[in-house]
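Visitor: I am new to this one. Could you show it to me and walk me through it?

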Amino acid sequence: MVIRPTIIFLFFYQLLATAPAFSQQIKFNRVFDGAVNHWVGIPDIAQDHQGYIWFSTYGNGIYRYDGFTLTAFTHDSTNTNSISSNRTSSLIIDHTGNIWVGTFRHGLNKFNPDNNTVIHYRHNPNDISSLGCDTISGILEDREGNIWLATYIGLDHLDTKTGKFYHYRHDEKDPSSISNDHVWQLYED
């Protein structure tokens, strides 16, 4: 008896077409209690080198989740080592473990979780090398360790070795300038 390839194909086709499809059951465990946290939103999430998950929030600062508990890091006007605002818009964790937190209208924070110290970067209209805008929508660390910021008035680059900011803005007369001053996100290819 000779079995033709079309018969084998039809046999396997019928077998696969009639086999029940199984899907993976996904189960979510709620970590945050909405009644307690009152969060409007979480614009950014990052994981540090120790496995902690960090969340930025639109009104409650930043949080660290260790798999069991949440620890809040919020603005405290009496503590210079607190973040500059609870309205955080973005965060990243750099290659050294520092947490960079962008805020809405209160600048950039460099938070060292090992010693709980914060360095604040703010716009100073009298210093061209200061942060260009206090509203930050995105942060990126490039492969050379420099920090890039998406802001409401353009792109800023922080040279981490000198602490100086360089600004990239839209210029109608310069076709090689950025196309728009409102930068939302950053990605390095």
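Visitor: Let us start with Asp 156. Is Asp 156 buried or exposed?
Guide: This is a predicted model. Buried means under 20% relative accessible area. Asp 156 has 0% relative accessibility, so Asp 156 counts as buried.

Visitor: Which residue does Asp 156 meet in a salt bridge?
Guide: Side chains of opposite charge can pair when their charged atoms come close. Here the N to O distance is 2.9 Å. The cut-off for a salt bridge is 4 Å. The partner of Asp 156 is Arg 169.

Visitor: How many residues apart in sequence are the parts tied together by Arg 169 and Asp 156?
Guide: Asp 156 lies in strand 11. Arg 169 lies in the segment after strand 12. The pair therefore ties together parts whose separation in sequence is 13 residues.

Visitor: Which residue stands opposite Asp 156?
Guide: Look at strand 10, residues 147–151, and strand 11, residues 154–159. They run antiparallel and are joined by five bridges. Opposite Asp 156 in strand 11 stands Leu 149.

Visitor: In strand 9, how many residues are buried?
Guide: Even so, strand 9 is mostly covered. Of its six residues, the number buried is six.

Visitor: What is the bridge partner of Leu 140?
Guide: Strand 9 pairs with strand 10 in the antiparallel sense, over five bridges. The partner of Leu 140 sits in strand 10. That partner is Trp 148.

Visitor: Which residue takes a positive phi in the hairpin of strand 9 and strand 10?
Guide: This hairpin has five residues between the strands. The phi in question is near 90 degrees. The residue is Gly 145.

Visitor: Which residue forms a salt bridge with Arg 143?
Guide: The closest N and O atoms are 3.6 Å apart. The pair links distant parts of the chain: Arg 143 is in the loop between strand 9 and strand 10, and its partner is in the segment after strand 12. They are 45 residues apart. The partner is Glu 188.

Visitor: Arg 122 and Asp 134 also meet in a salt bridge. Which of the two counts as buried?
Guide: Their N to O distance is 3.2 Å. Arg 122 is partly exposed, with a relative accessible area of 39%. The cut-off for buried is under 20%. At 15% relative accessibility, the buried one is Asp 134.

Visitor: Which residues make the nonpolar surface patch?
Guide: The patch covers about 310 Å². One member, Trp 184, is found in the segment after strand 12. Trp 184 counts as exposed, at 54% relative accessibility. The patch is made by Tyr 152, Ile 153 and Trp 184.

Key:
Residues numbered from 1 in each chain as written. Predicted model: local features only at pLDDT ≥ 70, side-chain atom pairs only at ≥ 80, totals over all residues. Heavy atoms only, no water. Pairing = 2+ DSSP bridges. Helix = DSSP H or I, 4+ residues; strand = E, 2+ residues; numbered from the N terminus. Buried < 20%, exposed > 50% of the residue type's maximum accessible area, 1.4 Å probe, protein only. Patch = residues over 30% accessible without salt bridge, like charges linked within 9 Å, V, L, I, M, F, W, Y side chains within 5 Å. Areas by Shrake-Rupley, 256 points an atom, 1.4 Å probe, with all protein chains shown as cover. Salt bridge = Lys/Arg side-chain N within 4 Å of Asp/Glu carboxyl O.
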